[in-house]
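Keep the structure open beside you and look things up along with me.

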Amino acid sequence: MTKVKGIFGNFKRYWFLMTQLIGRDFKVKYKRSVLGILWSLLNPILTMAVMAVVFSQMFKFKVEGVNYIVYLMTGIIMFNYFSTASRDAMTSVVENFSLINKVYIPKYIFPVAKCLFVGIDFLLTLIPWVGIILLSYVGLGEYTCHINWYYLLLPYIFVCMLFFTVGMGLLLSCLSVFLRDIWHIYGIVLTLWNYLTPVFYSIEILPTKLQVLMHFNPLYQFLEAARTVVLYGQAPSLKTLGILGFIGIGMLGIGAFVFRKKQDKFIYYI
């Protein structure tokens, strides 16, 4: 209990620093950009448009009974958040070594700040996502999505994914200090993970055995829960919601435990 209070106390104490780190990332990302933050809105739309043409028109991908464009965009924005946040968090400790070496700062601030920064971008991408959902009412796509009270479950799903991503970020940022090769390895892992997650295809096209194994993919659980709400107008089962909480908090706990155990040795390797 004392450790938990200490963590929350550090967050409060260093919140200003975290906001400065997030603000710095925004300035670096959009420096000398004409459209600036508008790219956070345009990027998912343009990516979705290209992938929609490629998969629905060229490869004839579709998911029976649902709006494929919304299905695709839901997968894109959620997987992109995880991949971008975890990849940026992985290098955050090493990149801020000069600051760590000069003053005392809780080192977990850096991967957490990266996940929150990408999280702000994720929230911005929800604007065109909701726009696409609303356009389904006027003929965008074969099927219409139905907005209802179950959408109130979406923040819970996204927060669970945030916890999972922060946990992965803490774990990866710790590993990258001791093994720089993890930067290259994780890029390959993300590519493989992308294809093993039904971002643009339906799980139904897979053999039965692979469908069973897919349920052990955490990102599949997050995508499927969000799509259940958005595409089918239904609430995920209590079991599913419980699994999401377990995955998110469990990964956060693992990442925090490993990071805390190894952080005192960082100074010798970076």
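**Entry 1: Ile 182**

Is Ile 182 buried or exposed? I found a relative accessibility of 13%, so Ile 182 counts as buried. My cut-offs, worked out with a 1.4 Å probe on protein chains only, are under 20% relative accessible area for buried, over 50% for exposed, and partly exposed in between.

Before going on, I noted that this is a predicted model, in which local features need pLDDT of at least 70 and side-chain atom pairs count only at pLDDT 80 or more, while totals for chains, interfaces and linings use all residues. I also noted that residues are numbered from 1 along each chain as its sequence is written, and that side-chain values use heavy atoms, with hydrogens and water left out.

Ile 182 lies in helix α9. Helices here are DSSP runs of H or I with at least four residues, strands are runs of E with at least two, and both are numbered from the N terminus. I then listed the contacts of Ile 182, a contact being heavy atoms within 4.5 Å. Leaving aside neighbours within four places in sequence, Ile 182 is in contact with Met 90, Leu 172, Leu 175 and Ser 176. I also checked Thr 91, which is 91 residues from Ile 182 along the chain, and their C-alpha atoms are separated by 9.8 Å.

**Entry 2: the whole chain**

I stepped back and counted 12 helices and zero strands in the protein chain. Buried residues make up 47% of its 270 residues. Of the contacts with a separation of 6 or more, 77% are between residues 24 or more positions apart.

**Entry 3: what packs on α9**

How do α4 and α9 run relative to each other? Helix α4 (residues 68–90) and helix α9 (residues 182–195) pack at about 170°, with their axes 11 Å apart. Axes are lines fitted to C-alpha atoms, for helices over the stretch in contact, and angles run from 0 to 180 degrees between N-to-C directions. The two helices are therefore roughly antiparallel to each other. That word covers angles over 145 degrees, while under 35 is roughly parallel, 65 to 115 roughly perpendicular and the rest oblique.

On the α4 side of the contact I noted Phe 79, Phe 82, Ser 83, Ser 86, Arg 87 and Met 90, and on the α9 side Ile 182, Trp 183, Tyr 186, Leu 190, Trp 193 and Asn 194. These residues divide into eight nonpolar, three polar and one charged. In this sorting Ala, Val, Leu, Ile, Met, Phe, Trp, Tyr, Cys and Pro are nonpolar, Asp, Glu, Lys and Arg are charged, and the others, Gly among them, are polar.

Next I turned to helix α8 (residues 154–178), which packs with α9 at an angle of about 150°, with axes 10 Å apart. Phe 164, Met 168, Leu 172, Leu 175 and Ser 176 of α8 meet Ile 182, Trp 183, Tyr 186 and Trp 193 of α9. I sorted this contact into eight nonpolar residues, one polar and no charged.

**Entry 4: two more residues**

I found Thr 84 in helix α4. Thr 84 is partly exposed, with a relative accessible area of 25%. Its C-alpha atom is separated by 8.5 Å from that of Cys 115, 31 residues away along the chain.

Where is Tyr 143? I found Tyr 143 in the loop between α7 and α8. At 28% relative accessibility, Tyr 143 counts as partly exposed. Not counting residues up to four places away in sequence, Tyr 143 touches Glu 64, Gly 65, Val 66, Asn 67 and Ser 136. I also looked up Leu 231, 88 residues from Tyr 143 along the chain, and their C-alpha atoms are separated by 9.0 Å.
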